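Subject: Structure for your review

Dear colleague,

Please find the structure below, together with its sequence. My notes on it follow.

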Amino acid sequence: MAHSSRRDCPELPDFSLLKRLARDQLIYLLEQLPGKKDLFIEADLMSPLDRIANVSILKQHEVDKLYKVEYKPVVSTSDQLCFLIRPRIQTVKWICDVANADKAVGRFRRYKIIFTPQKFFACEAVLEEQGIFGEVTTDEWSFYLLPLDEDVISLELPEFFRDNFLAGDQRWVRTAGSALHLLHSLYGPFSKVYGIGRCSKMAYESWREQVEQGEQRARQAEIGKVFLIDRDVDFVTPLCSQVVYEGLVDDIFRIKCGCVEFGPDVTSSDKSLKVMLNSQDKVFNEIRNEHFSNVFGFLSQKARNLQSAYDKRRGMDIKQMKSFVSEELKGLKQEHRLLSLHIGASESIMKKKTKQDFQELLKTEHSLLEGFEIRESISFLEEHISRQVSMMESLRLLCLLSITENGLLPKDYRSLKAQYLQSYGADHLLTFANLKQLGLLVEQPTGETLTVMESKVGKLVNDKTAGKLSDAFSSLAKKSNFRALSRKLNLVPKSDEEYDLRVPRDMAYIFSGAYVPLSCKLVEQVLERDGWTGLEEVTRLLNGHEFAVTGSGGADSKSDAQRIILVMFLGGCTFSEISALRFLGRERGYKFIVVTTAITNSSRLIESLLGNRA
Amino acid sequence: MSFITANWNPLGEAFYRKSELYEMSWNLKDGLRDCLVSAAPYGGPIALLREPHRRSPSSRPQLEIYSASGVSIASFPWKSGPVVHLGWTVNDELLCVQEDGSVLIYDLFGSFKRHFSMGQEVVQSQVLEAKVFHSPYGTGVAIVTGSSRFILATNIDDLKLRRLPEVPGLQGKPSCWVVLNQDRQTKVLLSNGPELYILDNTSCTVVCPPGLGPQAGSIVHMSVSFSYKYLALFTDCGHLWTGPSHLQDKMSEVDTKKSTPPKEMVWCRRPKSQQPSVVLMWERLLMVVGVCQDTIQFPIEDQCVLVGELDGVRIISSTNQELLQEVPLVCQDIFKIASMAPGALLLEAHREYEKSSQKADEYLREIKEQSMLGEAVRQCVDAAGHEYDTNTQKSLMRAASFGKCFLTDFSPDPFVSTCRELRVLNAVREISVGLPLTHTQFKQLTLQVLIDRLVYRQFYPLAIEMCRYLKIPDYQGVSRVLKHWASCKVQQKDLSDEAIARAVCVKVGDSPGVSYSHIAAKAYECGRTELAIKLLDFEARSGEQVPLLLKMKRSQLALSKAVESGDTDLVYTVVTYLKNEMNRGDFFMTLRNQPVALSLYRQFCKLQETETLKDLYNQDDDHQELANYYVTASYREKRLENRLSLLQSAVDEYNKAKNEFSAKATEEEMRLLRFQRKLDDEKGAGLLELSLQATMEALLALGLHKQAEQLYKDFRVPDKRYWWLKLKSLAEKEEWEELEKFSKSKKSPIGYLAFVEVCMKSNNKYEAKKYVSKVTPEQRVKAHLAVSDLEGAVDAAIERKNESEMGAVLSRCSASDRLLIDRLNRARPSTAKK
């Protein structure tokens, strides 16, 4: 890493164990269906599966052909069909159709469904309803956690966000609890668990319950503390444009399961190339957390170093040359290849992002965060829509505006929405309904409406419940309180000072020094205070649901493991947040492990809330 | 102590001993005469059926169950049909095989569990003889019927009846038969007159034991060893043949000089036996016949029953119970008269030490000289395990402990575990418990099973003491015992619900691994619903309560518990249950009070039953969601009329929800759809499904300016957006004249820089330049730069005297633009001065 880290940084636990466990279980499950079989894999499980078991391993266990689940009639000739799917009703229904179609033509096959990470009763209910419950065997592949990198683990459940926060469907909470349980049993016991958010609290409780049910073994802890946070605690951070290298790459090229596909414009050939982005890639590892403005400088320095390493061979004798070729050359070549890729990517990013539009966009975002020149920002937004720049970007800015301003003025709310509907279709009415429900895009309450409601209800019930009710109302209104939070936690550094992005002062560097991500700031503060004491006002503004619990395994507070902190984002986290936490870790001598239900960014977040039939 | 060898009898090179286990606590009036008796191995219970064949209806035979020590456990009159055979399963359940082929199963306490039949044909032909046998598959039953057929059930818990092939020439029952377990197959070996047959699933084969000449006579009694490995055959001339049960070999043949067949014949051996033997019992004689041809004879006075064990034979009479076994080698070594084995010397040394005699040292020295002290300790510990008398155990263990003191690196584990196990064994051997297990049997049975057996016999306090003493983890130990205790407690009919609930709660508390819901389920099974509900209240994990609550039809309570548990699967289970159980209205009302359940059900409906979703919203008067529902539904409609009518419903609902904005937006959408349809019909424009903006764009692209204009006015599209749209569209189509006309139609709401930039995007510098002059002064520098007119930009910048603009221009100048750079530089100080 470009920054020097503190020397006493603890070692990270080895998470490849998780992969091995998942692989062994999968093999066991495949062997439960002996003989040749065709395997149907849910599309979004393809990449995660590839990280666990490649095709040759599958073939070794008598998987004949591999298919992607495409909701079409199957063409397989095999007598045994195995389906590896997420527990989704839609997919199960499709399998029922397949089985019923076979039945209709009198074809006999064996069907096995492997649900991952767990099965839901609703899925089995569908099997029953469609009358094939008896003909299908079901199993669970408890593949909860996919290590994307040495310090990032993903549940690969993007639907967690929409299901949990929008639909109020808590089915994944237990999954999160189980994932935590798995980590606890392999790397625990945790000495302290902090958290904020309703879902976090439920996941925590689900985990506790599983701990109590299972047997407990005393072991050396490898992870000391845990911090759970709901995505809806902080919507501002994921809505901002990312300017740290890894985040930018994700925003532009979309990193999927730790892997990115660079198109011809990056590879400067006519082929696209899939590249794994993790700490194994030495070049990437050094620039991933850098502000984009530093990346070019760094890459060119790297290129010079590489050149001089190549140049070493001049003036070598035969023997030296021999050892150079056998030992160094391969490494250099590899580095060379990676370097040219990242330079290509950076150029492509430059083309897209250094244009004036982007600069203005950033400026608008920054003034929204600071709360200055709001009218100008609104006009910018209007123009943004008028010029039809981008459907997603406009929506993102609208949300950012609403959250930072605690809702839009009724006049703006209506006119901007009308503009948007005219531009991108009236079906976005549903998108707006979704955004409103989540509190991402709301009208500023006119004040009277709420109080009128409250007093009306208040007359009906006694005082105590009325108090509770008004609490309920205020949470109903889903105020974001961003401005107050920003002041309390000092999220927006004073803009009059020059911010040197090459030598970051604080986590704000990930947003060009304009904003410290709220989520990461909370982590910092809670770790510093060892709890929520002194943050009462903050938690009130965040609608509560905070907790801090001392666990059983607080044996040795001095041990290295106590400085290994697992931060679990329920509903997804961004690469920028990961970079910020890495920075915080270097500063304070911690090592952070990020566990997330999925990697997200502004477009993924908004896309998951679209209500139109795009 | 010195008489420890008093009851030893030599047999070949080994010794056999017969030691008393119990004086039986029962008081049998007529002894064991005329009784059907069955005693289970591993010190299991004894079942007794008096005079089973007396069939006068006035006097029913009495079925009695005793512990191995003769303590009565149950006794009841036998009301069912005549019993042919009694036997015990591996789980200590009593099997009563009746003449008509039905088998009745009772538990240890004499309560009826269930019954099964050995087949319809047996009802007619009757059971002549039956045997209960144990195999790795469980407990089996074999019968021979009146029509001379054998029927087998290998595992009574997974009943599969097998009718074995016919035996040629067999009339009635054979003279003797046994069940064999070979190569994972169950077979029957039987003797009929001079012939010996093996019956398996498919065939009946004549066999001949090797070395048994025809002069030996025909076989009248046979016995197979505990492990099914060895066979003993007794002929009518009094010859006893022994050999492995596969009949390929012979071990020995002994002439017992008895002409009558024995009443009972049982193998007596132990693991690693040196001198296995067969025990034969006649009316007044017990004969131990060694494979070495040696015999021991014991007179017996009373009617006895022999029970074959893993390591010996138990002899039960009406007054006492004895264990006949080969003396284990290690005990022989220690106690044999004048033995010089290290263990014997150590025992002696310790004895002298207790007497404070210096001879102790001499003995010790002798052992140490041979460096056998470790071996000596080991011998003492092992021997202690095999001894039944507690005093002998103690002196051996003390000797071992004494010897251990002189050893430095001797692992204490075997010593400690033997001490513990002996305490446990002594406790269960107590007459009140009555489990006369030897150490070898205990090892084979395992501790888990022993605890189970204690629990089954309801010795809960002892079982708990044992678990605590042996430090068994709560899950497998104390908690398990408590669970069983509680399940038993709730069945006590004489106690009130209140009292039981309290008693259970006090004892069980919150021991880990004890599930109150499990106990409650038991209570419900016994018909005590109220008690079950009381018990469920103690259950900490709400999820566990749900299934039982559903079973008890407390569905509302079940739903709220399920929601509390946070397990959505559980919630869903209850929801599905309720859906089938209640009428729709009640169901919806119930859901309404449980938002979690409701949202879960909604999710399901969205994918499975969209119509239900509508009903749900309707029920709740949720007009907003209902409207959204109609909007969603409209996308799925292909026909425009249907779509419009759905949208109209949406408008109505939005209005009811007082959401004027959405109502208006939807109305506009309808208007747009109608417009698009009209144009599609007239011009084939393909506009349907496009947004307003996209429609206008398409119209402009098609050159339908008038229609685009109409939309712009009708829908009150903001000027700015329309201008941008038109500007881009004209530039794209390169209609420059049209564009110029448009620019002059009125003052541009988006300024003229946009014109410059859009023209440049189409690479038309010429057109772009036309608009530069119209640009506002603030944007003029930018405009000049956009058309790469540096000179103009410099002029504009200097005119505006704006530092940052000059900088911007400067950064665009290349070295060749010397002149311009100079001009700018000259102008800069002048602005700076201001």
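This is a predicted model: local features need pLDDT of at least 70, side-chain atom pairs count only at pLDDT 80 or more; totals for chains, interfaces and linings use all residues.

In which helix of chain A does Glu246(A) lie? Glu246(A) lies in helix H10 (residues 245-253) of chain A; helices here are DSSP runs of H or I with at least four residues, strands are E runs of at least two, and both are numbered from the N terminus.

Residues are numbered from 1 along each chain as its sequence is written, chains are lettered from A and ligands numbered from 1 in the order in which they are written, and side-chain values use heavy atoms, with hydrogens and water left out.

Chain A

Glu246(A) counts as buried because its relative accessible area is 2%; the term buried stands for under 20% relative accessible area, exposed for over 50%, and partly exposed for values in between (1.4 Å probe, protein chains only). Not counting residues up to four places away in sequence, Glu246(A) touches Ile255(A), Phe284(A), Arg288(A), Phe575(A) and Arg582(A), where contact means heavy atoms within 4.5 Å. Glu246(A) also belongs to a network of salt bridges that links Asp149(A), Asp151(A), Glu246(A), Arg288(A) and Arg582(A). A salt bridge is a side-chain nitrogen of Lys or Arg within 4 Å of a carboxyl oxygen of Asp or Glu.

Another salt bridge in chain A joins the side chains of Arg171(A) and Asp169(A) at 2.7 Å, N to O. Arg171(A) is buried at 12% relative accessibility, and Asp169(A) is buried at 0%.

Thr175(A), in helix H7 (residues 173-187) of chain A, is buried at 1% relative accessibility. Its side chain makes a polar contact of 2.5 Å with the side chain of Gln118(A). A polar contact is a pair of N or O atoms within 3.5 Å; within protein, one must be able to donate a hydrogen and the other to accept it, and residues adjacent in sequence count only if both atoms are side-chain atoms. Leaving aside neighbours within four places in sequence, the contacts of Thr175(A) include Pro117(A) and Tyr144(A).

Chain B

Helix H6 (residues 390-404) of chain B has 15 residues and reaches 21 Å from its first C-alpha to its last, close to the expected 21 Å; the expected span is 1.5 Å times one less than the number of residues. The buried residues of H6(B) include Leu396(B), Met397(B) and Phe402(B). Among the elements that cover the buried residues of H6(B) are helix H3 (342-354) and helix H7 (413-429) of chain B.

Tyr228(B) has phi near 65 degrees and is buried at 15% relative accessibility. Gln458(B) also has phi near 65 degrees, but is partly exposed at 38%.

Asp157(B) forms a salt bridge with Arg114(B), with the closest N and O atoms 3.1 Å apart. Asp157(B) lies in the loop between strand E13 (150-153) and strand E14 (161-163) of chain B and Arg114(B) in strand E10 (residues 112-117), so the pair ties together parts that are 43 residues apart in sequence. Asp157(B) is exposed at 54% relative accessibility, whereas Arg114(B) is partly exposed at 34%.

The interface

In the interface, 41 residues of chain B are in contact with 43 residues of chain A. The area buried between the chains is about 3800 Å², of which carbon and sulfur atoms give 55%; buried area is the accessible area (1.4 Å probe) that two parts lose on being put together, summed over both. Tyr635(B), Phe661(B) and Arg721(B) supply 17% of the area that chain B buries against chain A, more than any other three residues.

By the rule given above, there are 56 salt bridges over all chains, yet 0 across the interface of chain B and chain A. The same interface has 9 residue pairs in polar contact, both residues being at pLDDT 80 or more.

Yours sincerely
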